[in-house]
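Trainee: I would like to learn how to read a few features of this structure. Please take them one at a time.

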Amino acid sequence: MSETQVQTEARVSTLDDYAGVVGTAEIAELRALAAPLKGRSVQMVNSTSVGGGVAEMLIRVVPLIQELDLNIRWDVITGGDEFFAITKAFHNALHGGSYDMPDESFQTFLAYTEQNRARMQFDCDFTIIHDPQPAALIEARTNRSGHWVWRCHIDLSQPNRRVWEFLQPYVNRYDVAIFSSPAFARRLPLPQYLFYPSIDPLSEKNRELEPECVSRVLERFHIDPDRPILTQVSRFDRLKDPLGVLRAYRLVKRYFDCQLVLAGGSASDDPEGGAVLAEIQEAAGRDPDVHLLNLPPWSALEINALQRASTIIIQKSLREGFGLTVTEGLWKKKPVVASAVGGIPTQVIHKCTGLLAYSVEGTAYQIRYLLSNPNIAARLAEWGHEHVRENFLITSNVRRYLTLFLHLLR
Amino acid sequence: MRAREPFQFATAVYVVRIGREEATTLLELLKGIETCTDASIFNHTFQSLGRHHFLTEGFSNDFAQWALTSSNRHALAEQLASLDIRDYVSMAELRSDLRRLLFEYCEENPREAAQAAFETFYFCESVEQRVPLRLEAWTLEEFRDAIREVGHGTLQFHYITSRVRLHLRTNDFSHWLSKELGLRNLARKIDEIDIYTNTLDSIRTTMLQLIGKELGQ
């Protein structure tokens, strides 16, 4: 085991544990699908083992694929503050922002990539590289024996040209690319597949909770359980538009005595979180019904409780990858009001599994509509839950990987 | 009664490949429907219905959904949604009717046909991987027991997408019940269950009720 290899937690859910959620038949079908792949090797590579949707997904997917008798490992690239400042700038630029780093930053990026390439081994049947940070590791490909897959979790529909022109030659060398929405894909000379991200219904963040547990968390954060709670859970990031959420809340507040919870934290590869939080604190002023919760990465239980206690879940992102916090809200049978960006419309089918909005005012209107029509809110929430069960649970993600592996071996 | 050939249960899993065509107007949607692959037509109709089977109102296929929510063309959406995939045994036939409805609408409403939709329609293809299950039925009792335990993928494969595979206007279950057990009435009733207003689970429940009656239970 290399020093960058991630050990998934000792007590993880087994496939049989998921039968209670998706049914024994679905699990039996997974086993049948995996049988021809027994013994095949798989390597997952990403940039952080803690925080963020990708790491959360890998923590769960890796043990399940292992249980299906595939030989899978998960490696994390390393880099200092300098490297992650560059990759964060890449991230924002690929979402359409500007890129203000000097030209030398590209060489720095490649130098760290080379360090990681030298430290890691690439000898698997399937190598899955997640997101742009480790994308240039394709340089490590020495023969055509294994299949290389680039799994892009972010929205590449309007990338900054300078950054994309640097990255694209590396991406073009993969066998296939996977995106979370067709809207994110680029014109590339390789087949592109659509994989929805997923959540784990048995994880600390999504499992059922006792009402007492939910109450304790509300009490701890001084949130009133008897008044409507509007919640957005996401990293403190400008692309999540927390200031827009605050403005929407203030519009709703004219008509409903509600509270706003903005709960987030920061991942180890995101240096901007503190500055964004300060901006929100200043904008929120002394409103006692605005709860800004800067939570550490180990707050899954608290996030779970806050989502379950919420009346409405908001995700007013300006740009979004897929939006796993939307998935989490839908799974908990909560009505969701969200922006029609990125992968959100795939999850929130307007007027079927939630409501979409396109502005601060629209977001406020949809929230008011749901607060005024709880029966409609409950029906949307019920169908939203089924949508997640059918398409966005971790077992679906495992199924997609297995199906792709079989397809690549044809 | 015991069949001469057992019903062999299988399932199908899919990955979705992102296609080249996309549409921002109804005219572009028409062009995309004319030029996309059969796998794309399948993905946006048969396969999409399976992915959204839990929506028992307001959803029929991706084209109708886009016409409604992204183009705000309610009448066209209704027409596209009215196409019943059970009437089709080939993608060519289904494509032809989708094309005809869109063409007629665009001819009658040229201004609306060229208006930009709120969101882009992306054509995607279903890539299928069939997986045989170690499950078979020789009798109606065994068939009932198997129906109780199979997953959604299996129900969708045998009940919804089977028409395209069989090129018959029926489903795998009804075909076998009729051919192997001679239960034509039961086969017909099962085939008549409305896949648009039922979930896969409620289709299963109705099937089990019908089989139960046949078995005198």
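Trainee: In which loop is A:Lys332 found?

Mentor: Helices (H or I, at least four residues) and strands (E, at least two) are DSSP runs, numbered from the N terminus. A:Lys332 lies in the loop between helix H11 (324–331) and strand E11 (336–339) of chain A. This is a predicted model, where local features need pLDDT of at least 70, side-chain atom pairs count only at pLDDT 80 or more, and totals for chains, interfaces and linings use all residues. Side-chain values use heavy atoms, without hydrogens and water.

Trainee: Is A:Lys332 buried or exposed?

Mentor: Buried means under 20% relative accessible area, exposed over 50%, partly exposed in between (1.4 Å probe, protein chains only). A:Lys332 has 6%, so A:Lys332 is buried.

Trainee: Which residues does A:Lys332 touch, not counting residues up to four places away in sequence?

Mentor: Contact means heavy atoms within 4.5 Å. On that count, A:Lys332 touches A:Lys205, A:Asn206, A:Asn304, A:Gln307 and A:Arg308, with residues up to four places away in sequence left out.

Trainee: Which residues have the most contacts inside the largest nonpolar core?

Mentor: A nonpolar core is a set of buried Ala, Val, Leu, Ile, Met, Phe, Trp, Tyr and Cys residues joined through side-chain atoms within 4.5 Å. The largest has 105 residues, and those with the most contacts inside it are A:Leu70, A:Phe90, A:Trp150, A:Leu167, A:Phe179 and A:Leu402. Apart from it lies another core, of 65 residues, including B:Met91 and B:Leu94.

Trainee: What does A:Trp150 touch?

Mentor: Not counting residues up to four places away in sequence, the residues that A:Trp150 touches include A:Ile129, A:Trp164, A:Tyr174 and A:Phe179.

How values were computed. Residues are numbered from 1 along each chain as its sequence is written. Chains are lettered from A and ligands numbered from 1 in the order in which they are written.
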